[in-house]
Structures are given as C-alpha cells and as structure tokens.
Amino acid sequence: MCNFAAPPMERIRVGFVGIGERGTTAVFRVSGIPGTETAAMADLRPDQCERAKAWLEERGRPGAKRIHGGAEESWKAVCDDPDVDVVYVTAPAPLHPRIVLYALRAGKHVLTEVPGAQTLDEAWEIVETCEKARRHCMMLENCCYGEMEMLAWNLAHKGLLGTLVHAEGGYIHNLVWRQLEDNFRNRANFGGGTVHGFGNTYPTHALGPICLYLDVNRGDRMQSVVSMSSLAAANREFAEATYPPDSWQRRTEWLTGDMNTSVIRTARGRTIMMQYSVASPRPYSRINLVQGTKGCFYDYPPRLALAEKPGDEAEWMDAASFEKARKEYMHPLWRTTGELAAKDGGHGGMDFIMDLRWVWCLRNGLPLDMDVYDLASWSAIVPCTGESDRRGGEPVEIPDFTRGGWKTAKPASIGDVDLKKMGF
C-alpha cells in the first residue's frame, strides 16, 4: 500500500460511525466540503444521529442520511451500505480496530480517529486486511495539519534545516482534575482501585508530524524504543487537597508515572524523544522540535534558528525575523486554506484542513498523506513503550509493518488544493 492511489471519485459518500462529541463536529465539517455526501450515520444513541440529520437537512446538505442505532453493532449497517464509499470512524477508541477491519472487509475506504490499533496483533491484522482489500486506511491525526507543524514540514523538506538528525515531541496536558471528576466514566475506570499504566499511551499528536518530517515509512523507519516513567505523585496530592478522606478519589492508588519519556531510534540512526504527561503543571505543549545540521525549529512558543554555515552556533530569530520566515515558508496548503479553516475548522483550523486534504486526494486519485503503515507504526508505539517501561527501560523492537517497503517508497508530498476546482 506504499504510495497507493485509488481511481478518482467524482463524489464521496461518507458513512459516519460514532455521532458524539467529535463525531457530530466531523459530520458538520465534512458535509461543508463540496463533493461529499453524508450517506449514513450510526450511534448507540439514535437521538444523536437525529440531531445531526436535522442540522444537515436544515442547511440542504446532500446525502441519504440513513440512521442506524440502538444496538451495539448498529454500525455494521453503515459499513455494509452499498451507497457508502468511505467509513469515517469517531467511535470510542477500543472499538476502532474492530470497525476498521469490518469496513475494509466490506470494501470501504476507512478513516479513523486515533488510535488506529491498541495492540501489535490488531495493527498487523489491519495492515494485512488493508493490503488484501486494496482500500485506503488512514488515521485522522489532525495535528499533522497544524500551521506550525506544516511550517516545520516545509522547512525540513526544503532542506533549510540540513540533514535531519533528531526530533522531539510530546503530549503535556494537565488533566488531573478531569481524571478525578466524580462522573460515571471515572468511577468505572478508577474508582477506589489501583491504576496501572506503562509507556506512552497517547503519542500520535506529536509523533505523526515528526514521522512526516523524517519521511518515516518512506525512506526510514522507527526501529527500536526505550521508555521509562517517573514516580506517580500528582493525582494523589490533588486528591488529598481536594476530596474528603472517604472519597473514591482518595482511595484510588495511582501507579501510572506522572511523566513518561521514550526515545525512538530509526533505521537511519536518527532519534526521536517523546514525552507524555497528563499529570504535570507544565503549560500545554506538543514540544514539536525538529533539528538538522543547519538549523532547528522548536514550538511552544514557535522559534527558528538557522546557521549561516556548517559548524556555526545558530541563534533563535527575533520576533520580526521569525514572522518574516513564517510568512515566507508557510506551507502552500495553509496559505490557500488558512482563512477558510479559521471559520470552519476545529483546533485552530487543522481539523478542517485535514478533511479538506483527504477529500481532495480521493477526488483526484492521489495517494493520501498518511497510509495504513503510518496507522500501524504510530499506534504500535503504545504497546512497545509499555513493554520497555515494564522491563525497566530495556530496548524493544518496533515491527516493520512495510516489510521493507520503506526502503523504496516515495516520500509523502503533502501538496496544496484548488478551492475553486473543489467547488468553493
């Protein structure tokens, strides 16, 4: 499936599985892109679909809008629908692999939110099923389409950073309060028990963009990883300061470390440092650093340092110089669509640009920016870092889901779109 392209599609009939928080916004967003139709929707709660259907009909958005719900496997009707070309999965994460596999076997192209798989066996099964089906299977990693991530991609692929040798990414997001809120989900998951967790359990927001910078699975591959976690303290201290002694929050024992740090080594000898913490007072950050022999881009806040010649120590640009460089090297996709994305897209516009881009590729018979091997290898970081962390930081091999195809695959070329041709 390296560089795979399907025949052009004049119209794209989409079936959505999981019409909840993110599923509803996905329906609204995709339905506003010319050339798409909402063919069907499924959710365990049919009323969620009914509300989305009413919204679409009020705005005259095309599609049959068939609704399926009320049973655990209602989503299968979307996958089996002959009028659905693409299944868009926004169901709860543990269901993703099962839905993806069923949809591929039903002959559909599949787009799924993260993670695509939760175990190595699931990842391999998705890869092998996709190869047999000859259908696109892409993980919807929206952060790959953020303005700063696409700026970094452009800097890297224009050679301005030189030979790429190292990158860093993370998910630093203080969610202690959210994990200890007194609601049904938290009581079921944590209430008064022992919470275990090893490795980096949510890597793809940062790892996806980095893999695209480094052309992972298209000239390089992630080969091994070492992972270690810190002690667990933040959740216990927050519970003691916030809840009464007899509360389930105070009875819960947290063994999941507050900070996990993992280092990946690639086949070409490059390194990727990843951090994960939802129990840190640090401000939100995905880190987003890429370093080469000529310069370095570093986000949160965004900075750029370029050396004049090899061996020089580069300085961070001042604000005016960085702004000039940001405008000069802005990715063409953001230059074309940024204003539209700001109106219609989530997460600063990256959600809209992500959807706009896969629609453009399918309508024009182009390879998607991310493929099933990206889904599998990025998802594999969770079980691989977990295994390394359990072993006290021993190196763990990361499977080569391309089976050597990375050596000859062409680098991804994340290009622009033509809004006028699309019908905007």
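This is a predicted model: local features need pLDDT of at least 70, side-chain atom pairs count only at pLDDT 80 or more; totals for chains, interfaces and linings use all residues.
**Entry: threonine 266.** I found threonine 266 in strand β11, which covers residues 260-266. I then listed the contacts of threonine 266, setting aside neighbours within four places in sequence, and got Asp220, Arg221, Met222, Gln223 and Ile272. I also checked accessibility. Threonine 266 counts as buried because its relative accessibility is 1%, and the cut-off for buried is under 20%.

**Entry: nonpolar cores.** I turned to the largest nonpolar core, which has 109 residues. Tyr88, Tyr145 and Trp358 have the most contacts inside it. Helix α14, residues 350-364, gives this core its largest share, ten residues. I noted a second, separate core of nine residues, with Leu180, Tyr243, Trp254 and Ala279 among them. In soluble globular proteins, nonpolar side chains tend to be buried together.

**Entry: tyrosine 145.** I went back to tyrosine 145 and left out its neighbours within four places in sequence. Its contacts are Met138, Met150, Leu333, Trp334, Met350, Ile353, Met354, Arg357, Asp369 and Met370.

**Entry: second largest pocket.** I read off a volume of about 290 Å³ for the second largest pocket. Its lining has 20 residues, and Asn3, Pro367, Leu368, Asp369 and Ala412 lie nearest its centre. I sorted the lining residues into eleven nonpolar, three polar and six charged.

Definitions and conventions. Residues are numbered from 1 along each chain as its sequence is written. Side-chain values use heavy atoms; hydrogens and water are left out. On a 1 Å grid over the protein atoms alone, a cavity is a set of points where a 1.4 Å probe fits but cannot get out, and a pocket is an open set with protein on both sides within 12 Å along at least five of seven lines; lining residues have an atom within 4 Å of a point. Grid points are joined across faces, edges and corners, and a volume is the space filled by probe spheres set on the points. Ala, Val, Leu, Ile, Met, Phe, Trp, Tyr, Cys and Pro count as nonpolar, Asp, Glu, Lys and Arg as charged, and the others, Gly among them, as polar. A nonpolar core is a set of buried Ala, Val, Leu, Ile, Met, Phe, Trp, Tyr and Cys residues joined through side-chain atoms within 4.5 Å. Buried means under 20% relative accessible area, exposed over 50%, partly exposed in between (1.4 Å probe, protein chains only). Helices (H or I, at least four residues) and strands (E, at least two) are DSSP runs, numbered from the N terminus. Contact means heavy atoms within 4.5 Å.
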